[in-house]
Amino acid sequence: MQFSKLANYFFKLESTSSRNAMVEILGELFQETEASEIDKVVYLTQGRVAPLYEPVELGMAEKMVIKAISQGSGSSEQRTVELFKKTGDLGEVAQKLGEESRSKNQGKQTVTEVFEKLLEIAKTEGVGSVEKKIGILAGLLRESDPLSTRYVARIPVDKMRLGFSDMTVLEGLSWMLDGTKKHKDRIEAAYNIRPDLGYIVKQVKEAGLAGIEHARPAVKTPIFSMRAERLANAKDILEKGGGKMAVEPKIDGLRTQLHLKRNGKNCEIRLYSRGLENVTGMYPDLVAAAEEEVTCDDVILDGEAIGFDPKTGKYLPFQETVQRKRKYDIDLFSKNFPLKLVVFDCLIYNGQSYLNEPYTKRRELVEKLLKGNKIIVPAERHLVDKPEELKRIFDEEIKKGLEGIMAKKLDGVYQAGARGWNWIKLKASYEGKMNDTVDAVVMGYDFGQGKRNKFGVGAFLIGVYDKQSDQFKTLSKVGTGLTDQEWRELVKKGKELVVSQKPKNYDVNKIMNADVWLKPKLVGVFRADQLTKSPMHTAGYALRFPRLDNWRTDKLPQDATSLKEINEMALLQKKA
Ligand code: ATP
């Protein structure tokens with residue numbers, strides 16, 4: 001396919017805010033695309049050149065892209081900067097300058113050619129790489145027609161602005177098959193096990209639904225984590241779980257998937273966060289321990305990485321563990337804050353998937369594989385059939401400073417990516433107030449007046465994700481409850497995410513509009529006194545007296561608290 005044709009599709013997608021229209025456009029695009037190119041097309045719709053979990057980034061700052069646009073169009077850098085100041089969108093700038101400097105050989109490149117060049121930019125590193133990257137991008141822009149430059153310039157700064165996420169792509173794929181959305185659930189189930197959109201789309205393109213019928217988890221491809229439902233008391237939990245359940249402490253660390261493959265002396269290890277980020281390089285202590293302590297050949301384990309005090313063995317609070325999720329000073333921090341991986345599940349063992357096996361069988365494997373280990377250890381577990389017993393274990397864990405417990409259905413399968421009743425969490429209730437925190441996405445902020453003005457932010461708008469509509473709905477404006485340090489951090493983190501217009505998948509009442517919009521990326525944990533009904537916020541509820549607890553760098557925005565959960569939390573609150 002010519003890239004200019006793809007750019008036309010992008011433009012159609014960008015120009016509509018109707019989800020149905022987007023699904024149809026994507027369906028048509030997938031129909032028109034050859035199987036050999038379809039994976040590239042789908043990565044590009046996400047502004048990427050690899051699946052989400054591969055750390056392949058183009059690594060270009062706005063300043064570099066400005067230089068490339070100027071070189072590619074023959075315009076002065078000053079003019080490019082001026083235009084950028086006006087529009088706030090490098091895509092628009094590139095398109096405008098491209099229109100002014102049209103030449104004959106523009107717009108002949110195929111999708112594959114553009115993709116390969118972008119990949120080359122991502123792979124360029126070392127001395128002189130800044131200039132090289134700029135040079136490749138400038139060349140690419142020079143050869144692109146104006147509409148194509150709009151997207152080619154946006155990809156390196158990760159601001160495609162098409163306004164949808166994976167769920168809409170999966171519906172588009174269903175649409176490609178027979179003009180309906182009815183296959184989306186089947187496709188999504190496969191995607192949760194193999195979260196590589198390129199792989200899934202290619203399989204379906206080549207063999208229809210049969211192509212994903214046998215989607216299996218694979219070592220070195222992260223699986224979307226299973227999540228838990230919540231209930232307010234021990235009796236309800238046991239009733240829901242079939243009378244007898246396994247109860248494990250709820251460890252408050254960082255959800256981590258361990259992938260290990262041995263081939264003779266060679267041992268490959270990968271660690272992934274719940275946001276599918278490859279975090280292997282951050283935890284050299286866990287990698288070394290896994291190589292020594294996990295002696296099988298081919299395994300995926302699911303668990304929680306948590307800091308501990310080597311003298312007492314006691315677990316550290318989340319705020320200390322989270323310091324280990326860093327890109328610098330890794331050795332220093334791994335010495336000062338060593339981690340354990342508390343494993344509670346086994347998803348693949350010696351090449352065989354255990355996702356559809358009952359919890360008890362997977363748990364047996366965890367115990368067998370990790371017996372006697374010091375760092376990669378099995379989670380504690382109790383078998384419980386009486387509410388009093390469950391409550392007693394819960395109280396003990398709380399006394400130890402843990403968050404609560406996880407109760408697991410004995411015959412429950414592992415529901416990748418789903419929040420199901422096979423796992424039920426019970427957390428400490430905060431004296432009849434809201435009994436859980438909310439993970440919300442920062443959608444934008446206001447400049448504000450008074451004290452906060454010194455940070456350039458007065459209040460910020462937070463929201464939750466609604467999978468049904470693939471939109472973010474607002475939940476609160478937060479103007480207090482942050483320390484000066486936290487305000488500063490917010491401004492710093494927000495800077496990279498500023499977009500010139502409200503993202504299309506934000507559902508916001510006019511009265512709640514923000515002065516500055518951020519693309520959905522930054523997730524925070526918020527505590528509040530209550531959820532109250534609110535006509536002003538599109539989630540239908542607002543947080544009463546919200547306070548920021550911490551940032552959740554391990555969560556994808558779509559993985560934040562969902563609209564459905566907010567409704568359930570409001571119900572639980574009424575019961576309490
Ligand atoms: P989620 O969206 O998964 O519910 P959350 O960020 O809202 O996550 P919590 O409600 O606090 O977190 O608890 C769920 C998380 O608890 C799991 O995602 C997992 O990371 C963690 N966890 C700790 N101990 C266990 C355990 N024994 N079994 C399963 N998950 C555990």
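This is a predicted model: local features need pLDDT of at least 70, side-chain atom pairs count only at pLDDT 80 or more; totals for chains, interfaces and linings use all residues.

## The shell around the ligand

The ligand is surrounded by 19 residues, and the closest of them are K250, E304, K408, R419 and K425. Sorted by residue class, this shell holds 14 charged and 5 nonpolar residues, with no polar ones.

Three elements, β2 (245-249), β10 (404-409) and β11 (419-427), each give two or more residues to the shell. Of these, β11 provides the largest share, namely 4 residues.

## Polar contacts and burial of the ligand

For R274, the distance between a polar side-chain atom and an oxygen atom of the ligand is 3.1 Å. The ligand taken alone exposes 590 Å², and 94% of that area is buried by the protein.

## Helix α1 against α2

Helix α1 (residues 3-15) packs with helix α2 (residues 19-32) at an angle of about 170°, their axes being 10 Å apart. Because angles over 145 degrees count as roughly antiparallel, α1 and α2 are described as roughly antiparallel to each other.

On the α1 side the contact is made by K5, L6, Y9, K12 and L13, while α2 contributes M22, I25, L26, E28, L29 and E32. The residues of this contact divide into 7 nonpolar and 4 charged, and no polar residue takes part.

## Helix α1 against α9

Helix α1 also meets helix α9 (residues 146-154), and here the axes come within 8 Å and cross at roughly 80°. The two helices, α1 and α9, are therefore roughly perpendicular to each other.

The α1 residues in this contact are F3, S4, A7, N8, F10, F11 and E14, and their partners in α9 are L147, S148, R150, Y151, V152 and R154. By class, the contact of α1 with α9 comprises 7 nonpolar, 3 polar and 3 charged residues.

## Helix α4 against α6

What is the crossing angle between the axes of helix α4 (residues 62-73) and helix α6 (residues 90-100)? The axes cross at roughly 10° and come within 10 Å of each other, which means that α4 is roughly parallel to α6.

In this pair, E62, V65, I66, I69 and S73 of α4 meet L90, V93, A94 and L97 of α6. The residues of the contact of α4 with α6 divide into 7 nonpolar, 1 polar and 1 charged.

How values were computed. Residues are numbered from 1 along each chain as its sequence is written. Side-chain values use heavy atoms; hydrogens and water are left out. Axes are lines fitted to C-alpha atoms, for helices over the stretch in contact, and angles run from 0 to 180 degrees between N-to-C directions. Angles under 35 degrees count as roughly parallel, over 145 as roughly antiparallel, 65 to 115 as roughly perpendicular and the rest as oblique. Contact means heavy atoms within 4.5 Å. Ala, Val, Leu, Ile, Met, Phe, Trp, Tyr, Cys and Pro count as nonpolar, Asp, Glu, Lys and Arg as charged, and the others, Gly among them, as polar. A residue is near a molecule or strand if one of its heavy atoms lies within 4 Å of it. A polar contact is a pair of N or O atoms within 3.5 Å; within protein, one must be able to donate a hydrogen and the other to accept it, and residues adjacent in sequence count only if both atoms are side-chain atoms. Accessible areas come from the Shrake-Rupley method with a 1.4 Å probe; for residues, only the protein chains shown count as cover.
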